[in-house]
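This report looks at side-chain interactions in one protein chain. Please view the sequence and the structure before reading on.

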Amino acid sequence: MACRDGVGSPYEITLELHRDGALYGTVGERCGRLLTRLARGVAEARAGHEAHWPDPDDRFPDDEELFAFRYRTRNGVVGEGELRCRLRTVPTWIPEWRGPGGEWRLTRRAFVEAGDGDGADLRAVLTSAELGVFVEALVAEAEECLSPQKSGNSARSL
């Protein structure tokens with residue numbers, strides 16, 4: 001949803017969270033620039049050559065928490081609705097084909113969690129490629145909301 005300035009021109013976005021077609025939260029007031037930077041950061045991390053994370057699907061920007069959007073009332077009180085993305089390192093035991101040996105393999109994944117404050121929480125576990133697609137889709141939808149073709153919006157970018 002587009003945030004509008006005093007004369008009604010859209011200049012940024014806020015995210016509406018829907019589940020099964022029903023709205024259950026509005027979060028991330030003016031989060032478009034942050035999402036744009038995150039999309040660029042994920043793409044850059046995937047393109048890099050890190051010896052510690054040889055698989056591009058394990059490469060993310062360096063922050064442990066990539067974003068945390070919460071609903072806030074006008075007076076700053078945190079209300080219902082939250083969307084966050086945290087990185088976690090997941091160990092997996094890979095057994096040897098022959099014998100009792102094996103090794104631990106570490107992967108990194110983005111845990112995207114959405115909640116409404118009443119226990120109706122959703123979680124997705126994403127590779128860096130999947131997170132990149134998700135964030136790029138959010139940015140594309142935001143740019144569409146801000147485009148001049150939609151309801152006479154003025155040309156603005158995130």
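The model is a predicted one. In this model, the side chain of arginine 59 reaches the backbone oxygen of tryptophan 53 at 2.8 Å.

Arginine 59 belongs to the loop between helix H1 (32-47) and strand S5 (65-72). Its relative accessible area is 6%, so arginine 59 is buried, since buried means under 20%. Apart from neighbours within four places in sequence, arginine 59 is in contact with residues including Ala45, Arg46, Trp53, Arg108 and Ser128.

## Helix H1

The 16 residues of H1, at 1.5 Å a residue, should span 22 Å. The end C-alpha atoms of H1 are 23 Å apart, which agrees with that value. Which residues of H1 are buried? They are Gly32, Leu35, Thr36, Leu38, Ala39, Gly41, Val42 and Ala45.

## Arginine 109 and its partners

Arginine 109 is part of strand S7 (residues 102-115). With a relative accessible area of 18%, arginine 109 is buried. Not counting residues up to four places away in sequence, arginine 109 touches Asp57, Asp58, Phe60, Arg86, Leu87, Arg88, Val125, Leu126 and Thr127.

The side chain of arginine 109 reaches the backbone oxygen of aspartate 57 at 3.4 Å. With aspartate 58, arginine 109 forms a salt bridge, and the closest N and O atoms are 2.7 Å apart.

## Other salt bridges

The structure has a count of eight salt bridges. In one of them, the side chains of arginine 70 and glutamate 82 meet at 3.2 Å, N to O. Arginine 70 lies in strand S5 and glutamate 82 in strand S6, so the pair ties together parts that are twelve residues apart in sequence. Arginine 70 is partly exposed, at 31% relative accessible area, and glutamate 82 is partly exposed at 27%.

Arginine 123 and glutamate 113 also meet in a salt bridge, at 2.6 Å, N to O. Because arginine 123 is in strand S8 (residues 122-126) and glutamate 113 in strand S7, this pair ties together parts ten residues apart in sequence.

## Aromatic rings

How many aromatic pairs does a search of the whole structure find? The search finds two. In one, the rings of phenylalanine 67 and phenylalanine 69 have centres 4.9 Å apart and planes at 10°, so the pair is stacked. Phenylalanine 67 counts as buried at 3% relative accessibility, and phenylalanine 69 counts as buried at 7%.

The rings of tryptophan 93 and tryptophan 104 have centres 5.3 Å apart and planes at 70°, so this pair is edge-to-face. Tryptophan 93 lies in strand S6 (residues 78-95) and tryptophan 104 in strand S7, so the pair ties together parts eleven residues apart in sequence. Tryptophan 93 is partly exposed at 40% relative accessible area, and tryptophan 104 is exposed at 57%. A charge and a ring also meet: the charged end of arginine 88 sits over the ring of phenylalanine 111, 4.5 Å from its centre.

Technical notes: Residues numbered from 1 in each chain as written. Predicted model: local features only at pLDDT ≥ 70, side-chain atom pairs only at ≥ 80, totals over all residues. Heavy atoms only, no water. Helix = DSSP H or I, 4+ residues; strand = E, 2+ residues; numbered from the N terminus. Buried < 20%, exposed > 50% of the residue type's maximum accessible area, 1.4 Å probe, protein only. Polar contact = N/O pair within 3.5 Å; in protein donor to acceptor, adjacent residues only side chain to side chain. Contact = heavy atoms within 4.5 Å. Phe/Tyr/Trp six-rings, centres within 6.5 Å; stacked < 30°, edge-to-face > 60°. Lys NZ or Arg CZ within 6 Å of the ring centre and 35° of its normal. Expected span 1.5 Å × (residues − 1). Salt bridge = Lys/Arg side-chain N within 4 Å of Asp/Glu carboxyl O.
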